[in-house]
Amino acid sequence: MNEFGTILSRLERELPLPQPARARVLLEVAADLEAFFELARRQGRSEAEAQRLALETFGPSSDAVAALVDVHGSTAARLMEVLAGRSAGLLERGLLFVVAVIVLFAAAPAFVDTRIFHDAGPAAWVVSAFAVLAVFIGLVKIYLLFLKRDHRPRQLRFGLEAMLWFTIAPAFLGFAVFLMDAFDAIGVVAANWPDAGGLLGACLVRGHAVLAIALAETLVASIFWFVVNGRVARIEEQNAEILLELKGDER
Amino acid sequence: MARNALDLSNLSKSMNELLVLSSLVSGPRHGYQLALDVEELSGGLITLKHGTLYPILHKLERQKLISGSWSAKGGKGRRRRAYELTETGRDYADRLRAEWRGLMVCLGGIVGEET
């Protein structure tokens, strides 16, 4: 890889931007590097000197990177980028899958019995609706990415942000319902102190059931999310590598 | 009432925006051409660092004051992004330039004429 390839690779690594913003910045810098280099050559500078000047001029500074992040990076997008990095490794995804299978097998008997849904009441359906939406988007993305192989850069991340929110929403809702039940339980127990033991268990049944459902559904939805996001991250990395190689060949 | 285009609390940011928008008044430019124009027009006094240029361009584009488009592939297969002013951007640039001129007059009155 030549010097320009090196600087573009460094920029690619140091720019914590979501795609396609990162690819766009790289393409612009690459084109301007070329233009700068050619101008310097036309002005009679040697190839080595022109290259050195181009690198000095276009080297990524921390201020510039921070400014670009301010312009392009929403909090959710940055979170997705971090998670995409985490979900890119085969080993990590494999481990997550194994943990999920163990947890789901351990929890399966409680869910098969359906009493847990009865205990949870209507809150379980609200919690489940979000998880169903996340899984639905996940299935559509899996169809597009793995079967139809629609890898158009602009479409790659479409729907991922919504899927992330729908994936974590059940966990938040589950905790909220659990805390509300715990708060109610404190009031009941305080008012009926002699029967505290029995009442505490009865009061927390709904909260526990909702929380168990919410966590199990979040786990299932997150497997879909990690699979889809990992695939998108790999496709983007491949695109970036091809881009950098092309730029390297041109020089 | 229209908001002031000129941000007095951050004059360097406003000046960089002014330089970019003023350079685009005469027609579409690539990012690198913009930097060269500014340097040339200022007689080498003002240099728009490329690290400064891209965030400004992207921010102005996000605000729909300028629009960018990729050029067709040239002989060596390179695609470059050219920027041009939008109608809103042209109005904004006019306002920004007028406010800067006003500021210059005001500063001249404070600093005083050279004798």
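1. A helix here is a DSSP run of H or I with at least four residues, a strand is a run of E with at least two, and both are numbered from the N terminus. With that in hand, welcome to this predicted model.

2. Next, the make-up of chain B. Four helices and three strands are found in chain B, and from the N terminus on they come in the order α-β-α-α-β-β-α. Of the 115 residues in chain B, 27% are buried. If you take the contacts in chain B between residues at least 6 apart in sequence, 53% of them join residues at least 24 apart.

3. Which residues of α1(B) are buried? They are Glu17(B), Leu19(B), Val20(B), Leu21(B), Ser23(B) and Leu24(B).

4. What do the buried residues of α1(B) pack against? Their partners in chain B are the strands β1 (29–30), β2 (66–70) and β3 (81–85), together with the helices α2 (31–41), α3 (50–62) and α4 (87–111).

5. Now to the sheet of chain B. Its three strands form an open sheet in the order β1-β3-β2, and the pairing is antiparallel. β1 and β2 of chain B are at the edges with a single partner strand each, so each has one side without a neighbour in the sheet. As background, strands of a sheet pair through backbone hydrogen bonds, either parallel or antiparallel.

6. The two pairings can be followed residue by residue. Two bridges link β1(B) with β3(B) in the antiparallel sense, and Arg29(B) is opposite Tyr83(B) of β3(B). Between β2(B) and β3(B), also antiparallel, there are five bridges, and here Ser69(B) faces Ala82(B) of β3(B).

7. How many residues does each chain bring to the contact? Chain A gives 19 residues and chain B gives 16 residues. On the side of chain A that touches chain B, α2 (21–42), α3 (47–58) and α4 (62–72) of chain A each supply at least two residues. The largest share of that side, eight residues, belongs to α2(A). By class, the side of chain A that touches chain B holds eleven nonpolar, three polar and five charged residues.

8. α4(A) packs with α3(B) at an angle of about 10°, and their axes are 8 Å apart. Angles under 35 degrees count as roughly parallel, and α4(A) and α3(B) are therefore roughly parallel to each other. From α4(A), the residues Asp63(A), Ala64(A), Ala67(A), Leu68(A), Val71(A) and His72(A) take part, and they meet Gly51(B), Thr52(B), Tyr54(B), Pro55(B), His58(B), Lys59(B) and Arg62(B) of α3(B). The contact of α4(A) with α3(B) has six nonpolar, four polar and three charged residues.

Methods
Residues are numbered from 1 along each chain as its sequence is written. Chains are lettered from A and ligands numbered from 1 in the order in which they are written. This is a predicted model: local features need pLDDT of at least 70, side-chain atom pairs count only at pLDDT 80 or more; totals for chains, interfaces and linings use all residues. Two residues are in contact if their C-beta atoms, placed from the backbone, lie within 7 Å. Ala, Val, Leu, Ile, Met, Phe, Trp, Tyr, Cys and Pro count as nonpolar, Asp, Glu, Lys and Arg as charged, and the others, Gly among them, as polar. A residue is buried if 20 or more other C-beta atoms lie within 10 Å of its own, exposed if 12 or fewer, and partly exposed in between; C-beta atoms are placed from the backbone. Axes are lines fitted to C-alpha atoms, for helices over the stretch in contact, and angles run from 0 to 180 degrees between N-to-C directions. Angles under 35 degrees count as roughly parallel, over 145 as roughly antiparallel, 65 to 115 as roughly perpendicular and the rest as oblique. Two strands pair if DSSP finds at least two bridges between them.
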